[in-house]
Each structure stands twice: as C-alpha cells, then as structure tokens.
Amino acid sequence: IFKGYIDGIPKETDMEVKVAGSSRTAKERPKGALLVKNLYLSCDPYMRGRMRQFHDSYIPPFVPGSVIEGFGVSRVVHSDNPNFKTGDIVTGMTGWEEYSLIQEPQRLRKIQQDDDIPHSYYVGLLGMPGFTAYAGFYEVCAPNKGDCVFVSAASGAVGQLVGQLAKLHGCYVVGSAGTDQKVELVKNKFGFDEAFNYKEEPDLDAALKRYFPQGIDIYFDNVGGAMLDAALGNMRVHGRIAICGMVSEQNLFKPQGIHNLFHLISKRVTMRGFLQSDYLHLFPRFLEDVISYYKQGKIVYIEDMSQGLESAPAALAGLYSGKNVGKQVVCVACD
Ligand code: NDP
C-alpha cells in the first residue's frame, strides 16, 4: 500500500504491507475482467514520480492508501474474457498484491511460453526497460559502427542492454556504475570495453577524458545531473545525447544546474529526451531481435531478485541508493 506523498528519497516505510482478502464474490466481478496471480513485480525508477502529488509527468500519481501498481508477470486464474484462458501467462500493469483483478485486460499481453526464457525477463530484458534500451539506442542515438558510446547506470535494467547492443553494433563502449562489483559486471559480464566507479572519481570530466580522449559520439544518459554536465563537456562534433532518465535528480526538490550547455552549439550536438512508449510500433521487432540475440548467446541479462511481496518496499527504495545489482524484480510467487 502506498501510504502518502513524499519528499526526497523513497523509503521502505513510505509503503506498508497489509493482509486483506477480497470482498468481491465471483459474481460481482466486472464483465470481461481477469483474475490473475502475480508472479513477478517490477521495481522501476519512474515509480518515484508517482509518489509526488503535483507534477506534470506522463503518468498520474499513486492514490494514497491504495495498492501500488506497476509492471508485472502474472498467471490467469480466472477469465471472463474470450481472449484469455486459465493458465495463460500475461504481462502488463498489475497490482502489488498476490492476486489482482484486471479490469482492462486489453492492456495485458500474453507471453509465448518458451522454456529457454525466464518469465521474469518480461519485466526486464523483454519488457519496458529492455525496450527502452532498444528504442533509445537505435532510434534516438542513431549509432554508427565505430562510434564512441558512454552509458551511465550501466549495470542497471536499461544500461546493461544499451551497452551490449552498442557492442553488437561495432561501437567502443564505456559504462559508469556506483560500485566496484557493478564495474566488474559491466566489463566482464556485459562486455563493455571499459567501466568506472563514478563515486570514486573526484573529477568526472577528467574521468571521461581518460576513457574518451577523442570525445564521445553518443551519451545514453540514465542519470542526469553532474554526469550529464561532464558528458556535455566531452561530446564530439555532431554527437548525440539520449536523455533517458534523471535518477540523480528525481528526488531533489530543486534540480542541479547544468553548466556545459554551450557545447551543444559549439559541437552541434543533438540532445533529445524520449519515452519508450512513443516507439511501441517497434515492439514486435524488438522482441524478435532481442530474443534471437539472447538465444544465440550474444547478450546476457542480470536480475536482482528479491523474495516475497513483503520485500517489495525495500527493493523499490533500493533503486535510489543503487542497492540493486542488475534489473530489480520482486518474486511474489516464483514459477
Ligand atoms: P536501474 O536498474 O539502473 O536502477 C537505478 C540505478 O540508478 C541504481 O542502481 C544506481 O546505479 C543509479 N542511481 C541511483 N541513484 C543515483 C544517483 N543519485 N546518481 C546516479 N545514479 C544513481 O534503473 P533502470 O535501468 O530501470 O532505469 C535507468 C534510467 O532509465 C532511470 O533514470 C529511469 O527513470 C530511466 N527510464 C526511462 C524510460 C524512458 O522511456 N525514458 C523508461 C525506463 C527507464 P549505480 O549504483 O550505478 O549508481
């Protein structure tokens, strides 16, 4: 349950777990609804935006006292809808609860069962974060073979795939992450050319100059703030910056200032914000491509799986201090 609107960094205590049964009988279910058992829930940084009462975001705030909603993977346990049957595995918006009544099943997608692909990947590699990486990299960054690519939050749900797609495209790729363990993963598991722990770099500008002596062609920005400023100062002529997320700023009442915007002019850099939802026409191609890369062993994906619904508040709060190593998922009822 979402307790109420917050300031600052989300805490575990901003949410609470309640035991409650459904008061509805089967006969009272709305026509066409689905009853689902939730298997996996996704923790995503955008959820912080829904904990704020007044904002001009692209998604409405959570309702205090109500069940939190988010992306999930669920099994249909009862269907009054001809398009779904009991046992189907579906993905889409669901509640942070053991069972959810889905009143708009048209917003769910059926998952093709495939023994080689874990169901939880449908909120990560093959869900919204993976698609963000795919659409952002190919459509916003306009990559060329040989480009020098920088990715922040490189070990996370989005970042780990951006870097691997960039490597497959023939780019030189460097990632930043917040612990040595993550840096190790970025280099040795995801195959980036280089990675560094930004928390141990006293001067981000100097760090970027070290890894990109000739400058950056593409910056895939997951964090905003000081890292964006440093990247702006190191862009190459005609570079591209994809503004994907601002996780370093979204808890701040007053965002930090950016000083290096002049480089957009002198280097003729394109900086573009994007929402994955603007590219949904590419979703079928994304699934086909990424499933194929995965099955050929060309990409890997790391999840951070917390166990049990009661672990969800801490798992969500952990995103904002970098506790998650890889895509943060909550297993409610692992299959
Ligand atoms: P991650 O799995 O990368 O988790 C968040 C990570 O952000 C943390 O692990 C941490 O990594 C880093 N972080 C947390 N606080 C800070 C901080 N103050 N400064 C710098 N880094 C911080 O999340 P996702 O991959 O799911 O999301 C990455 C970004 O993409 C987010 O900004 C998100 O909002 C955005 N996004 C945008 C979408 C779009 O359509 N535009 C869609 C989906 C996501 P570390 O330890 O390395 O610091």
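Guide: Helices (H or I, at least four residues) and strands (E, at least two) are DSSP runs, numbered from the N terminus. H238 belongs to such a run, namely strand β10 (residues 235-243). The model is predicted, so local features need pLDDT of at least 70 and side-chain atom pairs count only at pLDDT 80 or more, whereas totals for chains, interfaces and linings use all residues. Residues are numbered from 1 along each chain as its sequence is written, and side-chain values use heavy atoms, with hydrogens and water left out.

Visitor: How many helices and strands does the protein have, and what makes it as compact as a globular protein of its length?

Guide: There are eight helices and 13 strands. The radius of gyration is taken over C-alpha atoms, and the globule rule is 2.2 Å times the number of residues to the power 0.38. For 335 residues the rule gives 20 Å, and the radius of gyration of the protein is 20 Å, close to that value; therefore the protein is as compact as a globular protein of that length. Along the principal axes, the C-alpha atoms fill a box of roughly 65 × 45 × 35 Å.

Visitor: Why is S311 called buried?

Guide: Buried means under 20% relative accessible area, exposed over 50%, and partly exposed in between (1.4 Å probe, protein chains only). S311 has a relative accessible area of 17%, and therefore counts as buried. S311 is placed in the loop between β12 (303-307) and α8 (312-318). Contact means heavy atoms within 4.5 Å; leaving aside residues up to four places away in sequence, S311 touches S306 and V330.

Visitor: Why are A153 and K189 called partly exposed?

Guide: The relative accessibility of A153 is 31%, so A153 counts as partly exposed. K189 has a value of 44%, so K189 also counts as partly exposed. A153 sits in the loop between β6 (148-151) and α2 (159-168), and K189 in the loop between α3 (180-188) and β8 (194-197). Residues up to four places away aside, K189 touches E184, V300 and I302.

Visitor: How do you know that helix α5 is mostly covered?

Guide: Seven of the eight residues of α5 (residues 225-232) are buried. They are G225, M227, L228, D229, A230, A231 and L232. In the protein as a whole, 53% of the 335 residues count as buried.

Visitor: How are two packed helices described, and at what angle do α1 and α7 pack?

Guide: Two packed helices are described by the angle between their axes and the distance between the axes. Axes are lines fitted to C-alpha atoms, for helices over the stretch in contact, and angles run from 0 to 180 degrees between N-to-C directions. Helix α1 (residues 128-140) and helix α7 (residues 283-295) pack at about 105°, with their axes 10 Å apart. That makes α1 roughly perpendicular to α7, since angles of 65 to 115 degrees receive that name, while those under 35 count as roughly parallel, those over 145 as roughly antiparallel and the rest as oblique.

Visitor: Which residues of α1 and α7 meet?

Guide: G130, F131, Y134, Y138 and E139 in α1 meet F283, R285, F286, D289, V290 and Y293 in α7.
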